[in-house]
Amino acid sequence: MSALSVVSVVIAADPPKRLDKALSRDVPVEASLSRSRMAKLLEEGAIKQNGVVQTDPRAKVSEGDVFEITVPFAAESHILPEDIPLEVVFEDDDLIVVNKPVGMVVHPAPGSPNGTLVNALMFHCGDTLSGVGGTKRPGIVHRIDKETSGLLVAAKSDVAHHSLAKQFAAHTVVRHYHAVVYGMPDANDPRVRGVKGVNFESGNIMKITTHLARHKNDRQRQAVLFHGGRHAVTRSRIVMPLGTPAVASLIECWLETGRTHQIRVHMAHAGHSLIGDPTYGGRRKLSEKVVGVGGVEAVRAFPRQALHAATLGFVHPVTKEKMQFKAPMPADMVGLIQALGGDIDSLP
């Protein structure tokens, strides 16, 4: 096993009782070793405690114990780098934030083996990837749909991957989306107030609370449940009514949880599906008298769900700085809003 480095760790005062927890506490941040990565190294016999190979994560440790961790070269990933342009919003040694374009899949899959964001990141990051899980690859901690644009963060090291994954699991990451939906999700509408799982909070904020699971007849879809599945909470507010009277609206959504298709399926459940959504939206007929011929045509021709990941905020895994990024609305959504009579000068 060719070693990239040997990391030395001296256990500080008042260590946790378990070896794995003590190492996680005292290992240098610059080593980029998460607890899960060290667990694998323990299994592989790559960690010595006071000169003796140790493989038990529950072994006892004492102040002053010296550990030597042999970290192998990160294995090359089977995913091939591809020279695909990326809009990089922020990048340092630990992570990268990009503004993903419409039409790009995040991770290779049987139906999309290449041309993905991961392929592009492999090329862009090159040798700066320190080996997530022992493999040279970016750590994907969340995804957005192929036809959704906007912000996404990926880890470049084990430490960043572990920290970001914990933040997403704890629902502390700030994620705000902009969407163009049919109708007005308004507290004054008795119909929407009567939908199970839908409530309104002060400020005309709609809160949708359900469970979500794969549709029993269509594995590509998610279905709303109230028993079983995974807990899901979405909040939204109206940003701009569209049409006179309003037959559509630009809304802001934010996630308490992050489930597959969550905003799309929740807004459809509330009766305010996203314009252009081929899976949950359907095609509703709008009146030319209300939005004009141009508005009707713009809605009919819009080729994707009108959804954009506009804001992303988290705590930096290493510096502990609170970070927040914003991505401007893409041109196709701006054009749709304008065609529906929206004031583009007041767009967020």
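Trainee: How many helices and strands does the protein have?
Mentor: This is a predicted model, where local features need pLDDT of at least 70, side-chain atom pairs count only at pLDDT 80 or more, and totals for chains, interfaces and linings use all residues. Residues are numbered from 1 along each chain as its sequence is written, and side-chain values use heavy atoms, with hydrogens and water left out. Helices (H or I, at least four residues) and strands (E, at least two) are DSSP runs, numbered from the N terminus. The protein has eight helices and 18 strands.

Trainee: What share of the residues is buried?
Mentor: Buried means under 20% relative accessible area, exposed over 50%, and partly exposed in between (1.4 Å probe, protein chains only). Of the 348 residues in the protein, the buried share is 48%.

Trainee: Which residues lie nearest the centre of the largest pocket?
Mentor: A pocket is an open set of points on a 1 Å grid over the protein atoms alone, where a 1.4 Å probe fits, with protein on both sides within 12 Å along at least five of seven lines. Lining residues have an atom within 4 Å of a point. The largest pocket has 38 of them, and nearest its centre lie Arg143, Asp145, Arg259, Thr260 and His261.

Trainee: Which elements give two or more residues to that lining?
Mentor: Both helices and strands take part. They are α4 (158-169), β11 (174-182), β13 (205-214) and α6 (262-269).

Trainee: Is histidine 261 buried or exposed?
Mentor: Histidine 261 sits in the loop between β16 and α6. Its phi is near 60 degrees, a positive value in a residue other than glycine. Because its relative accessibility is 15%, histidine 261 counts as buried.

Trainee: Which residues does tyrosine 280 touch, not counting those up to four places away in sequence?
Mentor: Tyrosine 280 lies in the loop between α6 and α7 (288-301). At 10% relative accessibility, it counts as buried. Contact means heavy atoms within 4.5 Å. By that rule, tyrosine 280 touches Gln220, Arg221, Gln222, His261, Arg264, Val265, Ala268 and Ser273.

Trainee: How far apart in space are tyrosine 280 and arginine 221?
Mentor: In sequence, 59 residues separate tyrosine 280 from arginine 221. In space, C-alpha to C-alpha, the distance is 8.3 Å.
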